[in-house]
Amino acid sequence: MRVDVVTIFPDFFGVLDVSLLGKARAAGVIEIGVHDLRAHTHDRHRTVDDTPYGGGAGMVMRPEPWGEALDALITDQTTLIVPSPAGHRFTQLAARELAGKPHLVFACGRYEGIDQRVIDHYSERIEVRELSLGDYVLNGGEVAAMAMIEAVGRLVPGVVGNPQSLDEESHEDGLLEYPSYTKPASWRGHEVPPILLSGNHAAITAWRREQQLDRTARIRPDLLGEQ
Ligand SMILES: Nc1cc(-c2ccc3ccn(Cc4ccc(CN5CCCCC5)cc4)c3c2)n[nH]1
């Protein structure tokens with residue numbers, strides 16, 4: 001898989017070299033390119049924003065630099081992802097879908113967002129997904145893109161050491177995960193649930209499923225309704 005990111009803060013993505021994805025990059029499983037949007041401006045002040053038509057607070061990102069930057073990256077194999085507070089909710093299902101794509105390009109906006117015509121233009125040519133990380137407003141798309149790149153990247157075969165662990169984690173089966181414990185068996189008066197020390201794997205599996213259902217009902221009843 002190849003991932004390209006366009007942003008006015010390219011240094012923000014330096015951390016990808018040290019995280020789990022750093023190993024994936026080194027292994028050649030994932031290629032990540034980070035591109036400075038300002039390299040596609042041609043005025044003295046390298047302007048990427050301007051005032052909104054129709055008035056309103058803040059500034060909007062100009063379409064021309066985006067068009068030049070994205071034209072240099074996009075092919076018919078590309079899925080363009082535009083983080084946005086007004087996007088579809090990014091979920092584990094979306095992460096799984098995106099993990100199967102050959103090429104992702106993340107357009108990280110700032111200010112009050114990107115001129116809508118950029119999304120409209122590329123939607124005529126390739127798959128474009130406006131995706132929200134959650135119901136809160138960030139200052140730009142970079143944090144959202146970083147989260148999405150990590151959630152997607154870890155699902156790409158060869159990135160995570162133990163693929164089975166991916167099957168047992170939260171949201172993979174639509175439920176929250178069961179609680180986990182490790183040594184010591186007793187810690188500050190807190191004991192590990194005895195079932196987990198029993199060696200009875202059928203009973204342990206049943207207990208873990210019950211914990212998933214109980215936790216999901218308590219903490220995320222919406223997930224049960226959506227199933
Ligand atoms: N899940 C999530 C993703 C983001 C996200 C993603 C990308 C960008 C690019 C810019 N921002 C900041 C911002 C601030 C305020 C608004 C609202 N404003 C209302 C009036 C009309 C204009 C727009 C929109 C964008 C971004 C924020 N936040 N949260």
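## How helices 2 and 4 cross

Helix 2 and helix 4 cross in the right-handed sense, where right-handed means that the near helix is turned clockwise from the far one by less than a right angle, and left-handed anticlockwise. This is a predicted model, in which local features need pLDDT of at least 70 and side-chain atom pairs count only at pLDDT 80 or more, while totals for chains, interfaces and linings use all residues. Residues are numbered from 1 along each chain as its sequence is written, and side-chain values use heavy atoms, with hydrogens and water left out.

The axes of helix 2 (residues 63-71) and helix 4 (residues 116-123) come within 9 Å and cross at roughly 35°. Axes here are lines fitted to C-alpha atoms, for helices over the stretch in contact, with angles from 0 to 180 degrees between N-to-C directions. Helices (H or I, at least four residues) and strands (E, at least two) are DSSP runs, numbered from the N terminus.

## Who meets whom

On the helix 2 side, Pro63, Trp66, Gly67, Leu70 and Asp71 take part, and they meet Arg117, Val118 and Tyr122 of helix 4; contact means heavy atoms within 4.5 Å. Sorted by class, this contact has five nonpolar, one polar and two charged residues. For that sorting, Ala, Val, Leu, Ile, Met, Phe, Trp, Tyr, Cys and Pro are nonpolar, Asp, Glu, Lys and Arg are charged, and the others, Gly among them, are polar.

Five of them form an open sheet in the order 2-1-6-5-7, with parallel pairing; two strands pair if DSSP finds at least two bridges between them. Strand 2 (31-36) and strand 7 (127-132) are the edges, each pairing on one side only. On average, neighbouring strands are turned by 25° against each other, direction ignored.

Strand 1 (residues 2-7) and strand 6 (residues 103-107) pair in parallel over five bridges, and valine 3 has leucine 104 in strand 6 as its bridge partner. Helix 2 packs on the sheet, touching strand 1, strand 5 (78-89) and strand 6, and its direction makes about 160° with that of strand 1. Helix 4 also packs on the sheet, touching strand 5 and strand 7, at about 140° to the direction of strand 7.

## A site from the record

An unreviewed UniProt entry lists a "binding site" with Gly109, Leu133, Gly134, Asp135, Tyr136, Val137 and Leu138. Its positions follow the numbering used here, feature names are shortened, and annotations may be inferred rather than shown by experiment.

Glycine 134 sits in the loop between strand 7 and helix 5 (142-153), and tyrosine 136 is found in the loop between strand 7 and helix 5 too. Glycine 134 counts as buried because its relative accessibility is 3%, whereas tyrosine 136, at 47%, counts as partly exposed. Buried means under 20% relative accessible area, exposed over 50%, and partly exposed in between (1.4 Å probe, protein chains only).
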